[in-house]
Amino acid sequence: KDIDNTIKQLEELWALAQSDTYNGYTTYEPYIGWDLAVAYLRNNDKKKARVVLEQMQANYPTGTAFGDKIAELLKKL
């Protein structure tokens, strides 16, 4: 319902998941990134969604289930 607050929370979690030091969000990193990209798209911010998806694509290459979904969404952008 509150997309701006959701995006803010996901951005914080995404930053934690991307950190080099161990954190409890590392396991959930692909889900956080995906949800953040979708939230950006719902907020009509394709540029930020593309940045997140491109970061994710480095870790999940085409040929993997998650990588294929990322590539598909990037192609649509």
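Q: Which residues are linked in a network of salt bridges?
A: Let's trace it through this predicted model. Lys69 pairs with Glu72 at 3.9 Å, N to O, and Glu72 also pairs with Lys76, their closest N and O atoms being 3.6 Å apart. Glu72 takes part in both pairs, so the network is made up of Lys69, Glu72 and Lys76.

Q: Where do Lys76 and Glu72 both lie?
A: These two are four residues apart, about one turn of the helix. Lys69 and Glu72 are three residues apart, again separated by about one helical turn, in the helix spanning residues 65–76.

Q: Is Lys76 buried or exposed?
A: The cut-off for exposed is over 50% relative accessible area. Lys76 comes in at 64%, so this residue counts as exposed.

Q: How does Glu72 count, at a relative accessible area of 37%: buried, partly exposed or exposed?
A: Buried would need a value under 20%, and exposed one over 50%. Glu72 has 37%, which lies in between, so the label is partly exposed.

Q: Which residue forms a salt bridge with Glu54?
A: Head over to helix α3, residues 46–59, and go four residues from Glu54, about one turn of the helix. The closest N and O atoms of this pair are 3.9 Å apart, and the cut-off is within 4 Å, so the pair counts. The partner is Arg50.

Methods. Residues numbered from 1 in each chain as written. Predicted model: local features only at pLDDT ≥ 70, side-chain atom pairs only at ≥ 80, totals over all residues. Heavy atoms only, no water. Salt bridge = Lys/Arg side-chain N within 4 Å of Asp/Glu carboxyl O. Buried < 20%, exposed > 50% of the residue type's maximum accessible area, 1.4 Å probe, protein only.
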